[in-house]
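Subject: Handover of a protein structure

Dear colleague,

Please find below the structure that I am handing over to you.

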Amino acid sequence: MRKPLRVILILLASLSVVLFLLIYQADQIITRPLDKTEEIKYPSYVIADSLGDIYCIDDSLRRIIKTNRNGEISYIINGGSRNDNSFYNAVALITDNKQNLYVLTRTLDDQGFYVTRERLIKYNALGEFDSVIFETDYSSVERVSQLVQRGRLTGLGSFDEKIRWFEIEAHSVNQYQYDSDTGELDFSRIMAFKNAQIFISYITRLKSGEYVYSTKKGHIAVHDESKKNQDDRFAFVRSAELKGAVSKEDILINSAGDPVIYSGDNHIAGGMPSVPWYVTAGDNNKIYYSDLTTGSVSRLSYDGTVKEILTNDLLKNEGVPDAESIVYTFYVDNSGTVYTALKNSIVAISPNGKTDVVLQSLKRPSQAVISSSVFQLLFLAAILVSIVFIIRFYTVVMNRRVSIILKQIGIFIPLTVIALLITAKTVFDNMSERYQQELTNRLSLMVQLMTQAVDTRYFNDINNQSDFMNDAYSQVRERFHSLLNENRDEWNNGYYFALHRVVKGRIYSMMFLNDGISMFHPFDYLNEPGGVYIRALRGEIAAEKAADAWGLWMDAVGPIYSDEGSVVALLEVGKDYTNYAQENARLFRRVLINVMIISIIFMMLFATLFYLMLTSIRNLRNGATMIAEGKLEIDIKAKGNDEVADLTISFNNMARAIKKHVSEIVALNTAYFRFVPEQFLTFLNKESVIDVKLGDQIQAEMSVMFTDIRSFTQMSEKMSPKENFDFLNTYLSVVGPVVRENNGFIDKYIGDAIMALFPQSADDAVQTAIGILKKLHSFNRDLTGEKKEQIAVGFGIHTGLLMLGILGEEQRVDSTVISDNVNLASRLEGLTKKFGASIIISGTTYQALQNRELVLTRYLGRIQVKGKNSATDIYEVLDGLTEEEKVLRIKNREHLETAIEAILAKDLLAARKSLSIAYRINKVDKAVIYYLKLVKSFEKNPELMSSSGIIMKDK
């Protein structure tokens, strides 16, 4: 084989190895060399098999780890996949006597919202996929709120060497049993229970044949279908009754007719009722349950006694990390040892109350460490071989000479790859940031609106666990479901709500969209100092992105106030963020791989074929580079009469067409934004005017500024139509830039009047008015020099909610703003003439000023404008006036405001006294003159004085 060809083939082979490892073994390559540990991340479920090995679900339900009691990993099964031979979320585990693993799994839709499929998957003793034992799919018609992040299958366990699980349907409970030896699957309906999906938390079966289940009313009840009469139904507690522990009168009957052997309302810990949650049976035919209030695991005996098996104090005394965690699920083996997952650790407590196992980090199998190291060494070796043979290619094949084309490509390809990667990373980061901000704003707005739409009086009738789904609870539940319109629309698809109750200064969950929690349901994160829930308890709407054992979420939390003004509950509205983050990471990884693949393939092809390329394409390449840089003035000369010449001519035609098209687009966009503010498209979330539809609208809080030229009608009568337009255009050319400089935009021109909007802050609107006044000083000097009449303008500013949208009909539409707050701003502008003010702002705007101390103002009283039932405070802004005017009005400010307070107090004598002092200071102060006249009219007609704090009504 010729030496140059051998060099090329080896180079191609080494680059192929690099490419293969990057695509298929990226996880192995990025693992830290010789990393021997694996951290436990958000564990949620733990079991042990008959040999003592431990199985754990962690990483937000997306990973299963098998380890021995020393923390040495046997295998890891990664989920998060919708493939048929994998799982998306794992929710429960059990093993058989052959150490086969059975996993109860759920698959969520693309929104991470509804459960679309539940399966029981079998893995062999080596952690390899074996088969799907059971599967149920949910159509879009079946996806009710109970299937939001929650399925119908539960209670996975073993019974008589069979795998057993339950299906909780709308009004019944079914049992499935799978014989691992024969492969037979049995089905039976074990009980009828109205609204079972809503009420039942967990269910298990005792060896004696009874079924025990916990409910969200805080009950643990027993069901025995074999008992036919009422007395026989109490067989489970008969021994306790005979011992006098309980009497028949003390035994409650739940809505299914089953005896309740435990009621959380009757067991108080720390002033709060017990919240029994996860319930299971031990080999000793006793009932074990988790108490969320105390964070403990307890055993419930036949005689009605309760014994705590695992408590926070016990864990603290044993020096267990995360001892303050709440125990939600647990597992009891045949010896009575209790296994559970804490915040970031696994713990097992033996029957004598001593720590048997504590695991926080696990040891990776030696073969896994070796495998990762081998792949990393192979990748490094392939890189080194590639470098060596690139040098050999340069010396042997190229004879140490590089053509201009190869040099340029050698620079162009890396720069292109780097530019593409940087651009892709920037786009992805920006997209994620914008999506997160948009989602945060939407969630906060939903919380703000929904908290105001619930009748808080219902909370007075929701005080105990037994109040779960009572009339008041149901009314609140239905209200929030209706506010989200049952998640049937595009705008509410994928959003959940959670309601948290404030009891004795602490926060407990009480309601979730899928009815998956009980009353007084505690979570570790609810009372974290400085967390969003504590901030919401203090009165703000707080948002966060947070990860927990169930996934990654974006949520906002806000307070719900009682009629007395105290916070009685918190509303949380959120959305699954896991799917978005994973899809974003997958997409970026795919883009990264594609860029590298294309680059490597191109380099390999060029390395073997570059000498066949015609040098004529150099001009085309340079022309393409110029187009990419935006330089469209190109005209490449065609040489010869071949395909390359034809391509050159076509290239020139393309460049001219691109130039013409780009010029037209630029001109069209420039012209369009002169008629419609670009900010309208931004607020309507439209990228282009072609996306705008009739009826598009959005609600937002903004500051509105109205201004017009005083007595312009009289001025215009002295000018011709052309002079009118020339004068107004000159004036508006002064005003427009000031609006834009202060983050505002002009909504419309109304003759000599202007309506402008300021979406960011009230300060922008006020500073715009001040800036325009200062500009008008020089503008008026120019008018004086031209022997023209000077102009005066007035400004009215108000802050509030506005509806921005597209109004009109099919053939003619326009952007507009609809709100009575716009009318109020216009009315305030009209008041400037009455008070001789240049700028008048509302009390709402005054309170919204972030830098209030930087603005000189004086209080002008409280008015009620036409069309408004409520009154508003008004303030005059003194900045922008001439120094002489400003000084006089500052001197008058205290006397004027004292007079206004006296009028409000109906002390007309004191008001007249203060106004007289002010009048002597400045006899042309129209505000003082106005109030002097007002006091005089009140003295003549006292009945005109308002009792509601309104000094005047603007007709």
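The notes below describe what was found, beginning with the chain as a whole.

This is a predicted model, in which local features need pLDDT of at least 70 and side-chain atom pairs count only at pLDDT 80 or more, while totals for chains, interfaces and linings use all residues. Residues are numbered from 1 along each chain as its sequence is written, and side-chain values use heavy atoms, with hydrogens and water left out.

The whole chain

The protein chain contains 21 helices and 43 strands. Here helices (H or I, at least four residues) and strands (E, at least two) are DSSP runs, numbered from the N terminus. Of the 955 residues in the protein chain, 51% are buried. Buried means under 20% relative accessible area, exposed means over 50%, and partly exposed lies in between, with a 1.4 Å probe and protein chains only. Among contacts in the protein chain with a separation of 6 or more, 58% are between residues 24 or more positions apart; a contact means heavy atoms within 4.5 Å.

The nonpolar cores

A nonpolar core is a set of buried Ala, Val, Leu, Ile, Met, Phe, Trp, Tyr and Cys residues joined through side-chain atoms within 4.5 Å. The largest such core has 152 residues, and those touching the most other members are I64, L93, L101, W165, F480, L499 and I560. Strand 30 (residues 495-503) contributes the most to this core, with seven residues. A second, separate core has 66 residues, including Y731, I791, F795 and Y859. Returning to L101, its contacts include I47, Y55, I64, Y75, I77 and L93, leaving aside residues up to four places away in sequence.

An open sheet

Strands of a sheet pair through backbone hydrogen bonds, either parallel or antiparallel. Two strands are taken to pair if DSSP finds at least two bridges between them. Four strands form an open sheet in the order 21-22-23-24, with antiparallel pairing. Strand 21 (276-281) and strand 24 (306-310) stand at the edges with a single partner strand each, so one side of each has no neighbour in the sheet. On average, neighbouring strands of this sheet are turned by 30° against each other, direction ignored.

Strand 22 (residues 287-291) is joined to strand 21 by four bridges. I287 in strand 22 is the bridge partner of A281, and Y289 in strand 22 is the bridge partner of V279. Strand 22 and strand 23 form a hairpin with four residues between them, and G295 in the turn has a positive phi of about 70°.

Which residues of strand 22 point one way, and which the other way? I287, Y289 and D291 point one way, Y288 and S290 point the other way, and all are buried.

A pair of helices

Two packed helices are described by the angle between their axes and the distance between the axes. Helix 15 (residues 721-741) and helix 16 (residues 762-785) pack at an angle of about 145°, with their axes 9 Å apart. Axes are lines fitted to C-alpha atoms, for helices over the stretch in contact, and angles run from 0 to 180 degrees between N-to-C directions. In helix 15, F727, T730, Y731, V734, V735, V738 and V739 meet T768, G771, I772, K775, L776, F779 and L783 in helix 16.

Most residues other than glycine have a negative phi, and most peptide bonds are trans. S60 is not a glycine, and it has a positive phi of about 55°. S60 lies in the loop between strand 3 and strand 4 (63-67), and it counts as buried because its relative accessibility is 11%. N743, also a residue other than glycine, has a positive phi near 65°. N743 is found in the loop between helix 15 and strand 36 (745-750), and it is partly exposed, with a relative accessible area of 35%.

Is L51 buried or exposed? L51 is exposed, because its relative accessible area is 61%. L51 sits in the loop between strand 2 (45-48) and strand 3 (54-58). L51 and K98 are 47 residues apart in sequence and 9.9 Å apart in space, C-alpha to C-alpha.

Yours sincerely
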